[in-house]
Amino acid sequence: MNITPICHAIKSWKNLIDSYQKHHDESGKKILGLLNQGSHFSVTASEIQQWAERLANASNPLIHVYAGVDNEVFKLFLIDSVSDAAKDFSYIVTKEMDRDLPSFHTPDPQQVCTPISSESAIYRNFMFNMYGHAWMATQKENFFQVISIPFEDYRNMELKNGQSCISFFGLTDGQSAPASLDKYHIEIITMKDLEINSISSTAENCSTPRPPFTAEDPVENYQLLQESHACV
């Protein structure tokens, strides 16, 4: 797989962040515009199956979602954590933000419970859409380049062949009580159904933005970032 365009896009996102962190407000406006080019992206059952095979023996299976800019288009590049750490870039899924909802299936009443309610998911997305600009002003030190998603978020969708789920941005502070915006971080929320007359009762939301990296999840796990010369 030719990853040169992907690396270039990831590096372009890093350059934009660097400019914003140097107090170039126009770069901040551009970042916000890119993040709002669409409302969500879709993940298919076949993509989840591919990740399942690659993560079969992982003790902490994750999906790494890299942000990038390609010809003024915001893109996301998804790779499983095992492949990423091993510098195996043979299967990278590229997504663009979309505004058209895909066709969904009828929710299964036996679906396994997931961490947050649909109301909470929608509220967090509202926070991102309404307060994204103000939140960005508090994030100049560690603006995200990658979002790490537990693979369970996607496996718990229990999709059948031909089905899709949707993922979208939200803001959360991880607390039950409201906090100041600087305590919030960006997240990716995943839902199985999102239609006017059919919405999943629950959603998955356990994603983590990087940087900052940690001893448990060091930058060495993110080889695509290093390959793109976009490390912090």
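These legends go with a few close-up views of a predicted model. Residues are numbered from 1 along each chain as its sequence is written, and local features need pLDDT of at least 70.

**View 1. Helices α2 and α5 cross each other.** Here you have helix α2 (residues 25-35) and helix α5 (residues 118-136); helices are DSSP runs of H or I, at least four residues, numbered from the N terminus. Their axes (lines fitted to C-alpha atoms over the stretch in contact) come within 10 Å and cross at roughly 155 degrees. That makes α2 roughly antiparallel to α5 (the word is for angles over 145 degrees, on a scale from 0 to 180 degrees between N-to-C directions).

**View 2. The residues where α2 meets α5.** On the α2 side, look for G28, I31, L32 and L35; α5 brings F128, G132, H133 and M136. Contact here means heavy atoms within 4.5 Å.

**View 3. Strand β7 is mostly covered.** Strands are DSSP runs of E, at least two residues, and this one spans residues 164-172. Nine of its nine residues are buried, meaning under 20% relative accessible area with a 1.4 Å probe, counting protein chains only. S164, I166, F168, G170 and T172 point one way, while C165, S167, F169 and L171 point the other way.

**View 4. β7 and its partners β1 and β8.** Strands pair if DSSP finds at least two bridges between them. Four bridges join β7 to strand β1 (residues 41-44), running antiparallel, and T44 sits opposite S164. With strand β8 (residues 185-191), β7 pairs over seven bridges, again in the antiparallel sense. There, G170 stands opposite E187.

Technical notes. This is a predicted model: local features need pLDDT of at least 70, side-chain atom pairs count only at pLDDT 80 or more; totals for chains, interfaces and linings use all residues. Side-chain values use heavy atoms; hydrogens and water are left out. Angles under 35 degrees count as roughly parallel, over 145 as roughly antiparallel, 65 to 115 as roughly perpendicular and the rest as oblique. Buried means under 20% relative accessible area, exposed over 50%, partly exposed in between (1.4 Å probe, protein chains only).
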